[in-house]
Amino acid sequence: MKKIVLTGGGTAGHVTPNIALLPALREDGYDISYIGSYNGMEKQLIKAEGVPYYGIDSGKLRRYFSWKNFSDPFRVLHGYSQSLSLLRKIKPDVIFSKGGFVSVPVVLAARKLHIPALIHESDMTPGLANRIAMKGAVKVCCNFPETVSKIEGGKGVLTGTPIRQELMKGDPEKGLAFAGFTSDKPVLLIIGGSQGSVFINNAVRGSLDELLQEFQIIHLCGKGHLDPKLDGREGYRQYEYISKELPDLFACASLIISRAGANAICELLALRKPNILIPLSKNASRGDQILNARSFEKQGFSKVLEEESINADILTETVRDVYKNRQTYIDTMEQKQGIDSITKIVNLLDEAISKKI
């Protein structure tokens with residue numbers, strides 16, 4: 001049996017594509033293990049899939065000043081040592097990394113042990129962790145065509161992003177029933193990313209009086225971001241995080257407001273859901289979400305609002321406008337020729353093993 005180690009963590013975007021690959025990897029005869037951080041969100045998500053999980057020390061490489069910058073390099077080195085030990089124990093034939101800082105020592109350890117490693121880069125421009133890990137990779141799977149040319153050594157391959165197939169099987173009636181809603185009003189679904197977005201939460205809650213006149217609202221606000229004052233408000237449901245019922249909530253939604261993480265927007269495209277993207281500002285990120293969002297807006301898949309320009313009136317009017325023109329967005333998304341990302345990535349993994357790169 002072929003053996004693979006998956007790695008990646010820190011946010012759901014660094015885990016869910018790995019989860020999307022699991023059924024195809026099992027069907028292709030892979031024995032699967034996972035290396036992540038000790039207590040990252042990936043641990044719970046992967047264990048729920050019945051995959052053996054190994055935790056390592058994980059340090060973050062920051063672009064800004066922090067006292068942790070002095071200690072985290074030692075954690076990275078420890079994680080590298082742990083990765084060497086684990087890979088010698090597991091003896092995988094290939095590594096697949098979805099990114100995040102926990103993946104860096106794993107990929108570099110794989111290079112040391114001559115184990116081929118593939119990396120997936122979801123964003124248009126590679127993040128710092130992936131830029132470091134690329135030195136140990138044989139291929140870099142890219143989500144955007146623009147990214148392929150930015151990868152040195154001819155390693156870039158356009159694969160798209162693996163989408164969890166269960167998301168495509170949602171039942172709108174079950175979604176409405178779960179939220180306690182009716183079919184009388186359209187549903188607006190708000191997703192602030194796996195950790196939530198204080199900015200989006202505040203913007204939506206500041207517009208509730210207007211939005212609830214026309215929509216029922218399902219608000220995924222992130223852990224610790226529930227507002228007790230809004231519990232029981234008619235037409236409004238808030239949840240910290242949803243997993244099992246998420247396909248049904250997507251299915252019942254007529255319009256979605258979301259951050260612009262690459263995996264999230266690719267899921268919206270696959271589901272053909274009209275959407276408003278509010279990317280993280282450059283003050284809080286390296287600007288990758290802005291590039292992702294603008295690419296989708298240029299292609300006609302999304303409407304983009306930048307944080308600096310939003311107030312209650314602008315958000316409300318944009319929601320009304322996108323909902324009014326929702327069929328135009330749906331028709332444009334329908335014309336997009338998709339890539340069978342899962343099959344393409346599994347084939348690349350098989351090829352890496354057969355070539356013993």
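This report describes the fold, sheets, cores and selected residues of a predicted model.

## Overall build

The protein chain holds 15 helices and 13 strands. Its radius of gyration is 21 Å, close to the 21 Å that the globule rule gives for 357 residues, so the chain is as compact as a globular protein of that length. The C-alpha trace spans about 60 × 45 × 35 Å along its principal axes.

Buried residues account for 53% of the 357 residues. The protein chain exposes about 16,300 Å². Carbon and sulfur atoms supply 51% of that area. Contacts also reach across the sequence: among those between residues at least 6 apart, 63% join residues at least 24 apart.

## The six-stranded sheet

Six strands form an open sheet. Their order is S10-S9-S8-S11-S12-S13, and the pairing is parallel. Strand S10 (236–239) and strand S13 (303–304) stand at the edges. Each has a single partner strand, so one side of each is left without a neighbour in the sheet.

Within this sheet, strand S8 (residues 187–191) runs parallel to strand S11 (residues 255–258). Four bridges join the two. In this pair, isoleucine 191 of S8 stands opposite serine 258 in S11.

Strand S5 (residues 117–121) pairs with strand S6 (residues 139–142) in the parallel sense, over four bridges. Leucine 118 faces its opposite number, lysine 139, in S6.

## Nonpolar cores

The largest nonpolar core has 53 residues. Those with the most contacts inside it are Leu188, Ile217, Ile218, Phe250 and Val319. A second, separate core has 27 residues. Its members include Ile19, Val138, Ala352 and Ile353.

Phenylalanine 250, from the largest core, has contacts well beyond its sequence neighbours. Leaving aside residues within four places in sequence, phenylalanine 250 is in contact with Leu167, Leu189, Ile191, Ile256, Leu268, Leu271 and Lys273. One of these, Ile191, is the residue set opposite serine 258 in the S8–S11 pairing.

## Leucine 6

Leucine 6 is found in strand S1 (residues 2–7). Its relative accessibility is 1%, so leucine 6 counts as buried. Not counting residues up to four places away in sequence, leucine 6 touches Asn18, Leu22, Leu25, Ile32, Ser33, Tyr34, Ile35 and Phe96.

## Glycine 170

Glycine 170 lies in the loop between S7 and helix H7 (172–179). At 23% relative accessibility, glycine 170 counts as partly exposed, because the buried class takes only values under 20%.

Leaving aside neighbours within four places in sequence, glycine 170 is in contact with Pro247, Asp248 and Ala251. Leucine 249 is 79 residues from glycine 170 in sequence. The C-alpha atoms of these two residues are 7.4 Å apart.

How values were computed: Residues numbered from 1 in each chain as written. Predicted model: local features only at pLDDT ≥ 70, side-chain atom pairs only at ≥ 80, totals over all residues. Heavy atoms only, no water. Pairing = 2+ DSSP bridges. Rg over C-alpha atoms; globule rule 2.2 N^0.38 Å. Buried < 20%, exposed > 50% of the residue type's maximum accessible area, 1.4 Å probe, protein only. Contact = heavy atoms within 4.5 Å. Areas by Shrake-Rupley, 256 points an atom, 1.4 Å probe, with all protein chains shown as cover. Core = buried A, V, L, I, M, F, W, Y, C linked by side-chain atoms within 4.5 Å.
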